[in-house]
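Have the structure open while you read.

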Amino acid sequence: MEKFEIMEKDEHEQIIFCSNKDAGLRAIIAIHNTSLGPAFGGTRMWNYNSVDDALKDVLKLSKTMTYKAAVTGLNYGGGNAVILGDSNTQKSELLFRTFGKYVNSLAGRYYTAEDVGTTVDDMEFVRMETKYVTGISKALGGSGDPSPVTAYGVFVGIKACAKAKWGNDSLENKKIVIQGVGQVGKNLAEYLESSGAKVYVTDIYAEKIENVLKTVNAEVIKPDKIFNMDMDIFSPCALGGVINDDTIGKLKCEIIAGSANNQLEDEEKHGKILFDKGILYAPDYVINAGGLINVANELEGYRQDRALKQADKIYDNLTKVIKNSKEQNIPTCKASAQIAEKRLSQIGGMKNIFTNKSR
Ligand code: NAD
């Protein structure tokens, strides 16, 4: 597709390609929508197969951030960044500081934070060049790793789904499979175990499994075996696109609720199939908003107790989405998009009462 058509398709406001040979930097920043406030969204570092794949990812992630902020009731817009490269071998201070200069050049239209492949330490290099970064360490006055609050939000979201599906939100003896026990998945496993669930974990890296087994008495399954087993809840906490044409027919669960962004490869198609099959899908950007809540709190002087209290609201937000889905007989992802779009058009398009101009 031609570049402007790509932007117009989902109404992206701006795409910035960043390149610096000396720093080994190739990055893309996408700003989707700033009608509710400055764009917020993490920086993903990933070894993409092509620039087109990276562009596709950043466009999708930035749009999701717009919807996430809108449905969560935050006054932020949606943006995201991707750095093309191997996060295990290609990170350096120069790379992240150079990237930070690009973020700074946007003068507050976009705030970044860590995402898959980047860490609090990386964001501290970005912070040396710009104040428009969150998720920096507590020692430097930041909020640190957002994953514990994300995991807590996913946990309360899972309980909201259980209540809608089974009439009460107890997870006692429920078979829950977590795909990906990285920063979010590990914390989530701890919450689930303490609530009496039977926790199963899978990851492509052995050390992640070893790490989670230090604190959680979970059963380990091989990554390619998750679609063969019966479970009550599937919790995708790895990467996006896990619900696709190949996997959707094999899934044997009643609820899908996890932290990964863009879990449905094709939201409309796969959201409808899940709805028709009676599988309750918790829209990813509703249930994983704890991370955004956490980093947004940093701008107001961070307090984790306040962030966790705000993340509690994910229970109510999801309950409302599920209720609308049932009442209108539409997939949950459609119901959540409606709520987000209504707020974007009403509040995002709100007229300033003094100037009569849009904000
Ligand atoms: P992470 O990189 O720490 O963890 C992801 C884990 O998934 C890794 O351990 C990785 O080895 C594993 N993995 C990758 N592919 C896999 C596969 N095919 N099968 C099994 N395991 C696989 O990332 P994270 O911070 O825990 O985030 C997890 C997901 O949640 C991501 O999609 C991220 O975008 C999303 N998310 C995270 C936050 C946050 O606060 N960290 C907030 C919102 C959304």
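Predicted model: local features only at pLDDT ≥ 70, side-chain atom pairs only at ≥ 80, totals over all residues.

Residues are numbered from 1 along each chain as its sequence is written, and side-chain values use heavy atoms, with hydrogens and water left out.

Let's start with the domains. The protein chain is assigned domain 1 (12-57 + 78-140) and domain 2 (147-341), with bounds that come from an automatic or database domain assignment. Their centres, taken over C-alpha atoms, are 25 Å apart. Domain 1 brings 13 residues to the contact and domain 2 brings ten residues, where contact means heavy atoms within 4.5 Å.

How much area do domain 1 and domain 2 bury between them? About 830 Å², with 64% of it on carbon and sulfur atoms. Buried area here is the accessible area (1.4 Å probe) that two parts lose on being put together, summed over both. On the domain 1 side, F40, T134 and K138 supply 42% of the area buried against domain 2, more than any other three residues. As for salt bridges (a side-chain nitrogen of Lys or Arg within 4 Å of a carboxyl oxygen of Asp or Glu), the count between the domains is zero.

Now for the strands, which are DSSP runs (E, at least two residues) numbered from the N terminus. Two of them pair if DSSP finds at least two bridges between them. Here are three pairings:

| Strands | Sense | Bridges | A bridge or facing pair |
|---|---|---|---|
| β2 and β5 (residues 77-84) | antiparallel | six | I31 with G79 |
| β11 (residues 255-256) and β12 | parallel | two | I256 with Y281 |

Strand β2 (residues 25-33) is largely enclosed by the rest of the structure, because eight of its nine residues are buried, meaning under 20% relative accessible area (1.4 Å probe, protein chains only). The β1 and β2 hairpin has four residues between the strands, and G24 takes a positive phi near 70° there.

Elsewhere, six strands make an open sheet with parallel pairing, in the order β9-β8-β7-β10-β11-β12. Its edge strands, β9 (219-220) and β12 (280-281), each pair on one side only.

How values were computed: Buried < 20%, exposed > 50% of the residue type's maximum accessible area, 1.4 Å probe, protein only.
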